[in-house]
Amino acid sequence: MALLEARGIVKSFGRVQALRGASFTVNSGEVVALIGDNGAGKSTLVKTLSGVLEPDDGEIVFEGQPVTIPTPHAARELGIETVYQDLALAPDLESSANLFLGREALRPGLLGKLGFIDKAAMRRRTQEAFEQLGVDVQDPASAVATLSGGQRQGVAVARAVTWAGKVVFMDEPTAALGVVQTRNVLDLIRRVRDSGLAVVLISHNMPEVMEVSDRVEVLRLGERVARFRTADATVEDLVGAMTGVLKRDDGS
């Protein structure tokens, strides 16, 4: 049984039909790459599955049950978190404050009831998350603005993984990163998968897709046109599906 499945999702913006019956499937403990050319509908599909957009038609199935995901909060309630390309971090706040943004831990007893934040507990739990995921940030009290691009990406991923119970969407997680930082993020994606979460990787980088994904699903003109087991595919197969030359389905 699939963990999260989109069936025949339709979404229009005025006269522009972004999704024309798009489908998608991800299972627990796997990395699925969602690829397609610009305008294929990747971002729109992810936004419908993460509660940012409401589909005009189609069905979303979560753990075998039809669901509606009207808001990002509803997605989070299901255990779905998203790492957006802009990371959505507060640069002037420390790493731990970003990890707990909107979910701040309160101090025990009366002080907590009065709204006092337990910064020590937040820093401790942030450090534990960094160590578990191999995020190279030594001091969780350091401001995000002082971190490198790869470290910021690590903070964003750690935040998503900390709160995700089931699925993490990652939108172009290695964009604008150097070679070493990219390697660290790809290793981080593997560790997230190995923890049992499902990872959906949205990427234009075909070598990275081939390296880190277990399966690939291809969108073209708002529809899923191909599915591949990564081990059985080549970059040429993926590009052919994206451009309409090749159609292939290796199962869900």
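Author: A salt bridge requires a side-chain nitrogen of Lys or Arg within 4 Å of a carboxyl oxygen of Asp or Glu. The model is predicted, so local features need pLDDT of at least 70 and side-chain atom pairs 80 or more, while totals for chains, interfaces and linings use all residues. Residues are numbered from 1 along each chain as its sequence is written, and side-chain values use heavy atoms, leaving out hydrogens and water.

Reader: What makes the contact of Arg7 and Glu5 a salt bridge?

Author: Their side chains meet at 3.3 Å, N to O, and the limit is 4 Å.

Reader: Why is Glu81 called buried?

Author: Buried means under 20% relative accessible area, exposed over 50%, and partly exposed in between (1.4 Å probe, protein chains only). Glu81 has 9% relative accessibility and therefore counts as buried.

Reader: Why does Arg103 count as partly exposed?

Author: Its relative accessibility is 27%, so Arg103 falls in the partly exposed class. Arg103 also forms a salt bridge with Glu81, the closest N and O atoms being 2.7 Å apart.

Reader: How do you know that helix 5 and helix 6 are roughly perpendicular?

Author: Helices are DSSP runs (H or I, at least four residues), numbered from the N terminus. Axes are lines fitted to C-alpha atoms over the stretch in contact (heavy atoms within 4.5 Å), with angles from 0 to 180 degrees between N-to-C directions. The two axes come within 10 Å and cross at roughly 100 degrees. Angles of 65 to 115 degrees count as roughly perpendicular, and helix 5 and helix 6 are therefore described in this way.

Terms used: Helix = DSSP H or I, 4+ residues; strand = E, 2+ residues; numbered from the N terminus. Parallel < 35°, antiparallel > 145°, perpendicular 65-115°, else oblique.
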